[in-house]
Number of protein chains: 2
Amino acid sequence: MIIPSRGTRLDPWFDSYATRAHGMRSSEIRALFAVASRPEVVSLAGGMPNLSSLPMDHIADISARLLKERGTRALQYGSGRGEVEMREAIVEVMRYDAIHQHADDVVVTTGSQQALDLVTQIFIDPGDVIVAEAPSYVGALGVFRNYEAEVVHTPMDDEGLIPAALDETLTRLYQIGKKVKFLYTIPNYHNPAGVSLSLARRQEIIDVCDKHHVLIVEDNPYGLLGFDSDPLPALKSLSPDGVVYLGSFSKMFGPGYRIGWAAAPHAIREKLVLAVESAILCPSQLAQLSVTEYLETWDWYSQVKRYREEYRERSEAMLSSLEKYLPQCQWTKPTGGFYTWVTLPAGIDAKAMLPRAVTKRVAYVSGTAFYADGKGSDHMRLSFCYPTPDTIREGVKRLAGVIKAELEMIELFGTQLPADGDTPSRGVDRPHPDQV
Amino acid sequence: MIIPSRGTRLDPWFDSYATRAHGMRSSEIRALFAVASRPEVVSLAGGMPNLSSLPMDHIADISARLLKERGTRALQYGSGRGEVEMREAIVEVMRYDAIHQHADDVVVTTGSQQALDLVTQIFIDPGDVIVAEAPSYVGALGVFRNYEAEVVHTPMDDEGLIPAALDETLTRLYQIGKKVKFLYTIPNYHNPAGVSLSLARRQEIIDVCDKHHVLIVEDNPYGLLGFDSDPLPALKSLSPDGVVYLGSFSKMFGPGYRIGWAAAPHAIREKLVLAVESAILCPSQLAQLSVTEYLETWDWYSQVKRYREEYRERSEAMLSSLEKYLPQCQWTKPTGGFYTWVTLPAGIDAKAMLPRAVTKRVAYVSGTAFYADGKGSDHMRLSFCYPTPDTIREGVKRLAGVIKAELEMIELFGTQLPADGDTPSRGVDRPHPDQV
């Protein structure tokens, strides 16, 4: 007689999940994000680029022509590694980061998120260590948790990763017998910290990782979006064999095609191709051909410069509003990208405050989302990429009202109110993907 | 003094890979597939649909209009679960399989391959068992190996999966303490076997799985492509809570958008959404909106019927050529889909013969690709989806010449020649993704 286990009343398959799946939980702040996307709420939470200046008519013409002239190719399966025209165009884009690679070194992916997912798949056994900045990108922490990695944070300052601290972290991990598989880093216009790794430190970081024989995974979605300058040389340009570089068209063009890439040392790149084939067979042909045509038929770097202007203006609106309305806070001063990282006055818990902020029609991401170890409640990430300057000013003003009320509460009762129905944070919050 | 391990001369990161990555190997037949894609070679190997009858002008107009009128949405990030219009359209498509689900039950993925990958990610810990037909889809076996599953095959006949044999397999696995996580099955126009699960057996398969409390993963890319008939009711329609259904637009429309889906019981579907977000953030908005518009503005079911006619004609060309040129073989008689499964005369090894077939300008997939346990060398998969009827006839004729030469060799020397430079098969061959 067979009496198999029958799960739970709510989920008959509960007993069948893999270990990793039990860690997949919908975040308690997810419901808030649904509320935060209401039109009356000013969202300073999202990571959606502003696409209003894209040349849509030209992009429409590209698509129509591709489908009319090369439709049976554009709608067919393609190579798992990506189309050669796409990879050659990516090689040209990477020259702006001082990277000189061959099209063979590039693997096209469904956004750079997939490249990150598959690099992690290739390197991480449960319990392996990934070293990442404190704080780090929420979408990366989610991937790392999915593969049951242990994330160890290493500190940053206004010049980005601190080489001596990284050396110390890696030495300590080696001494206690931990297997560090890679350093995950966002050197340019960090998400969420808003800082960049200085030129002087780039070689130092390479040297530290080389000393410990630790691979670097360099995530660079915002590199071209410096407000006043072309990009600094990528870590990949300084150490071609020691770095897997992740690139994306989501911020320098648009996320809707879901085209990103990895440029990786030979053996890793071959494994990545096998991993892409297993995960999705191949990236979209039509999307690749469309992005390639855009790069070839449009002055795409002028569009990048236009984005820079727009984001600079929005960043200025945010920083000046912070100065005006929130002098009791501190924040980083981004020179590019989408985000500033705000330190709250003592006693305020960003996560506990969030529901009350949403009630006051303003949203942000609690700092706790960006740590694997439960820290970050004294911070929040504010993004200036999507709302207009006026909306940003209104949002910061509303936020100031919320923080003022929290401080009054603390003064009255000695402590902040807990969030309604809030449960203690366990690991990483997972905002809606629109919001990362 | 830190002396970290430094990999190998060819790959400095060799020591860093995850256990699963050491199993990722490029197939020895991969080089052959590069040769097989030369224009002078007739490929009966590929699984590429024939797209020549698609209404490309109309599809081009859809794309252009979408980008002009809704460009900032089409090129933006979207929901990890997929757009609601897309999911509602998918619900309508599934009605042809007698499935009545809600749009909330659907998760949109980057082709159904990604749905399969993520279902496996959610359920499989290393060593867990997946039961699959013998033979099974090569792309699924690759995914299962990636997650370090143990695949146990269960037999089919001309009516598909054999319920009593499945019951026996599951009982035996339970008795030896193996944890069976799901049955992976392709009930309609099986790849590679070319057979379909009969109506009478569908409820029996459900009953066997229910008795053993084993989830069914029903992969149905070819369901609408029956030559003479509408689809039989899906397993999902008979057991909504016991089946994860995987669907795809690749064969009923075109693969280039990379849009597929899973329809899954509540708790599984919620985990799938989290898995999609982690893997790629969200599927392409532009692709989803394009496919939705195609379904809404074109008589897509007439296009499906046109595909059926084309594939029926090609299938007839193949079956009649097999009768004419290869009477010493046996083969299945598909009533839909892309493939027939050929049993070779005794003594012929399909894998060893392949390089010689390619020299004679014809290609197929060796049966060994479709088994996780090294079997299948007495079979080959022939596909009739992509080449024209005349090319198919020419290909089968060439194949007959190759087989004749092999039989003569066997008669002369008592054995077939080994393949040039061939190494023994280890597990699953991985054809180029164009070819699955």
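Predicted model: local features only at pLDDT ≥ 70, side-chain atom pairs only at ≥ 80, totals over all residues.
Student: Let's begin with helix 11 of chain A. Why is Val291(A) called buried?

Tutor: Val291(A) sits in helix 11 (residues 285–297) of chain A, where helices (H or I, at least four residues) and strands (E, at least two) are DSSP runs numbered from the N terminus. Buried means under 20% relative accessible area, exposed over 50%, and partly exposed in between, with a 1.4 Å probe and protein chains only. Val291(A) has 1% relative accessibility, so it counts as buried.

Student: Which residues does Val291(A) contact, leaving aside neighbours within four places in sequence?

Tutor: They are Met86(A), Phe249(A), Phe253(A), Tyr257(A) and Ile259(A), where contact means heavy atoms within 4.5 Å. Phe249(A) is 42 residues from Val291(A) in sequence, and their C-alpha atoms are 8.4 Å apart in space.

Student: And what makes Gln285(A) buried?

Tutor: Gln285(A) belongs to helix 11 of chain A too, and its relative accessible area is 3%, so it is buried. Not counting residues up to four places away in sequence, Gln285(A) touches several residues, including Arg73(A), Tyr77(A) and Gly256(B).

Student: What makes helix 4 of chain A oblique to helix 11 of chain A?

Tutor: Their axes come within 9 Å and cross at roughly 45°. That angle makes helix 4 of chain A oblique to helix 11 of chain A. Angles under 35 degrees count as roughly parallel, over 145 as roughly antiparallel, 65 to 115 as roughly perpendicular, and the rest as oblique. The axes are lines fitted to C-alpha atoms, for helices over the stretch in contact, and angles run from 0 to 180 degrees between N-to-C directions.

Student: Which residues meet there?

Tutor: Glu85(A), Met86(A), Ala89(A) and Val93(A) in helix 4 of chain A meet a set in helix 11 of chain A that includes Leu289(A), Val291(A) and Leu295(A).

Student: Over in chain B, why is helix 3 called oblique to helix 11?

Tutor: Helix 3 (residues 56–74) of chain B and helix 11 (residues 285–297) of chain B pack at about 130°, with axes 10 Å apart. That angle makes helix 3 of chain B oblique to helix 11 of chain B. Among the residues of helix 3 that take part are Ile59(B), Ile62(B) and Leu66(B), and helix 11 contributes Leu286(B) and Leu289(B), among others.

Student: How do you know that helix 13 of chain A is largely enclosed?

Tutor: Nine of the ten residues of helix 13 (residues 350–359) of chain A are buried, so the helix is largely enclosed by the rest of the structure. Met353(A), Leu354(A) and Arg356(A) are among the buried ones.

Student: What caps the N-terminal end of helix 13 of chain A?

Tutor: Asp349(A) does, with a side-chain oxygen 2.8 Å from the backbone nitrogen of Lys351(A). Just after this helix, Arg361(A) takes a positive phi of about 65°.

Student: Which peptide bond of chain A is cis?

Tutor: The bond from Asn191(A) to Pro192(A) is cis, with omega near 10°. Pro192(A) is in the loop between strand 6 (180–185) and helix 8 (199–211) of chain A. In chain B, the bond from Asn191(B) to Pro192(B) is cis, with omega near 10°.

Student: Finally, why does Ser198(B) count as buried?

Tutor: Its relative accessibility is 15%, so Ser198(B) counts as buried. Ser198(B) touches Glu159(B) and Leu232(B), not counting residues up to four places away in sequence.

Note on methods:
Residues numbered from 1 in each chain as written. Chains lettered and ligands numbered in written order. Heavy atoms only, no water. Polar contact = N/O pair within 3.5 Å; in protein donor to acceptor, adjacent residues only side chain to side chain.
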